Amino acid sequence: MLSPAEIGRRAAAFRDTPPETLLAWVVRTFPRKTALTLSFGGGGIVLAHMLSRIDRSVPVLFLDTGFHFPETLAFKEAFARRYGLTVVDVRPLADPGPLYATDPDRCCHLRKVEPLERAIAPFDAWISGLRRDQSVTRRAIELLELHDLGGRPILKVFPLAHWSGADVQRYLRAHDVPRHPLLDRGYTSIGCWPCTRPTAPGEPERAGRWSGTGKTECGLHTFTTRR
Ligand code: SF4
């Protein structure tokens, strides 16, 4: 793993380059040890499109919670086929039942966090499409972050950290990349169907996730801690 000083230097240098440059560097620096996590519902498809032009063998980890919209599963299949992605479906060890109604934190832990902890274990670099402008909990993310994963280092890579939602849409239009169909039916962030609703104009991008419960994140980005 790179030293914290080297990671800081690299992050500063990549601040003024396109995300593709950072992605290509990560794939080159961590061959067969890099993975992208992708829900297919948001801006992460920008990264999937970029990766398809850099190295299609990089695993794209999809958390198959069992509660995705049918539109998500169909879009994932079509998108992966179109761009030749190496998608890996990541599932829970056992079906925990419809816990989302009574204990959504536990549901997310069993259907997302625990499966991802297992799936990400072989990798040294973890790419994700999180952006600063998505929510207050994401405002401080950096392009490159050194994290601790069960006592060992892992590099978290957020190439779109400084992009806006408008930047994402501009990229998709410019490259003729298809979008999740529910984005045109009032949804601005798409997760599991029991915990996602369309948003009204002017609402924050993630306001439709776990609406009215006080929950804002599934925990995928809190099981590692920043070093
Ligand atoms: Fe369960 Fe909802 Fe979390 Fe999906 S988003 S894992 S249904 S609580």
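This is a predicted model: local features need pLDDT of at least 70, side-chain atom pairs count only at pLDDT 80 or more; totals for chains, interfaces and linings use all residues.

**Surface and build**

Author: Residues are numbered from 1 along each chain as its sequence is written, and side-chain values use heavy atoms, with hydrogens and water left out.

Reader: OK, how many helices and strands in the chain?

Author: The chain has 6 helices and 7 strands. These are DSSP runs numbered from the N terminus, with helices being H or I of at least four residues and strands E of at least two.

Reader: And in what order do the elements run from the N terminus?

Author: They go α-α-β-α-β-α-β-α-β-β-β-α-β. The radius of gyration is 17 Å, close to the 17 Å that the globule rule gives for 227 residues, so the chain is as compact as a globular protein of that length. That radius is taken over C-alpha atoms, and the rule is 2.2 Å times the number of residues to the power 0.38.

Reader: What about the sheet, what's the strand order?

Author: It's an open sheet of 7 strands in the order 3-2-1-4-6-5-7, with mixed pairing. Strand 3 (86-90) and strand 7 (225-226) are at the edges with a single partner strand each, so one side of each has no neighbour in the sheet. Two strands pair if DSSP finds at least two bridges between them.

Reader: How do strand 5 and strand 7 run, parallel or antiparallel?

Author: Antiparallel, joined by 2 bridges. Asp-148 has Thr-225 in strand 7 as its bridge partner.

Reader: Switching topic: is Arg-138 buried or exposed?

Author: Buried, at 8% relative accessible area; buried means under 20%, exposed over 50%, and partly exposed in between (1.4 Å probe, protein chains only). Arg-138 is in the loop between strand 4 (125-127) and strand 5 (144-149).

Reader: Which residues does Arg-138 touch?

Author: Leaving out residues up to four places away in sequence, Arg-138 touches Leu-130, Arg-131, Arg-132, Arg-206 and Glu-217. A contact means heavy atoms within 4.5 Å.

Reader: Last one, where does Ala-12 lie?

Author: Ala-12 is in helix 1 (residues 4-14), and it is exposed at 51%. Its C-alpha atom is 9.2 Å from that of Leu-144, 132 residues apart along the chain.
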